[in-house]
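Open the model in your viewer and keep the selection tool ready.

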Amino acid sequence: MLEWLKFIDTRVFLAINGAHNGFFDFVMFWASDRLIWIPLYLFLAYLLFRHYRRRAWILLLFAGLAITLSDQTSVHLFKQVFQRLRPCHEPSVSQLVHLVNGKCGGMYGFISSHAANSFALATYLSLLLGKKIRGFTILMLAWALLLCYSRVYLGVHYPGDVIVGAIWGAGIGAAVYISIHSSALPSSPPAP
């Protein structure tokens with residue numbers, strides 16, 4: 001079963017990575033760059049302040065916690081444990097990989113930290129702002145999916161790396177949101 005999943009993962013990877021052109025090489029390279037999204041992060045912080053006023057500071061702190069947890073666990077609980085080579089480092093596949101600007105990344109790719117981090121943030125903020133801003137959840141999901149797709153397109157992750165990373169990150173984002181709201185709930189009244 002595991003070999004079959006690896007086979008499918010490799011085939012889907014090669015199909016996505018192989019469908020490249022100069023325009024999308026440029027777009028996906030920049031979509032995958034963390035610094036390009038700083039204006040988005042500032043806008044998201046603005047939205048938190050607009051809807052939560054003074055509480056926004058603590059909510060921003062917890063957003064940072066969600067990203068830190070997803071980032072660190074993706075490395076220490078997955079990459080260093082499973083040590084699955086990135087496709088661009090995998091000897092049986094590397095000759096077929098189209099790399100953009102020669103960027104491959106570290107040796108191991110399971111799970112994708114980009115996927116985990118983007119889904120942690122997208123999930124956490126969607127739970128906070130999704131009911132307050134129409135279409136917000138869809139836009140955050142589209143952003144996170146774009147980042148995930150870019151990682152496969154660029155040849156640095158298999159689809160399984162980003163799928164598991166997205167699930168892991170979404171779980172962390174939801175857990176951080178729940179931890180905030182469970183601590184804010186009033187305790188149950190004492191028994192008579």
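Begin with the lining of the second largest pocket: five nonpolar residues, six polar and six charged. Here Ala, Val, Leu, Ile, Met, Phe, Trp, Tyr, Cys and Pro count as nonpolar, Asp, Glu, Lys and Arg as charged, and the others, Gly among them, as polar. This is a predicted model: local features need pLDDT of at least 70, side-chain atom pairs count only at pLDDT 80 or more, and totals for chains, interfaces and linings use all residues. Numbering runs from 1 along each chain as its sequence is written, and side-chain values use heavy atoms, without hydrogens and water.

The volume of this second pocket is about 280 Å³. Select Ser32, Lys103, His114, Arg151 and Val156, the closest to its centre of the 17 lining residues. A pocket is an open set of points on a 1 Å grid over the protein atoms alone, where a 1.4 Å probe fits, with protein on both sides within 12 Å along at least five of seven lines; lining residues have an atom within 4 Å of a point. Volume is the space filled by probe spheres set on the points, joined across faces, edges and corners.

Next, go to the largest pocket, with about 360 Å³ of space. Select Tyr41, Ile67, Asn117, Leu121 and Trp143, the closest to its centre among 20 lining residues. Helix 5 gives the most to this lining, five residues. Helices are DSSP runs (H or I, at least four residues), numbered from the N terminus.

Finally, select Phe13, Ile16 and Asn17 in helix 1; they meet Tyr149, Val152 and Tyr153 in helix 6. Contact means heavy atoms within 4.5 Å.

Methods:
Helices (H or I, at least four residues) and strands (E, at least two) are DSSP runs, numbered from the N terminus.
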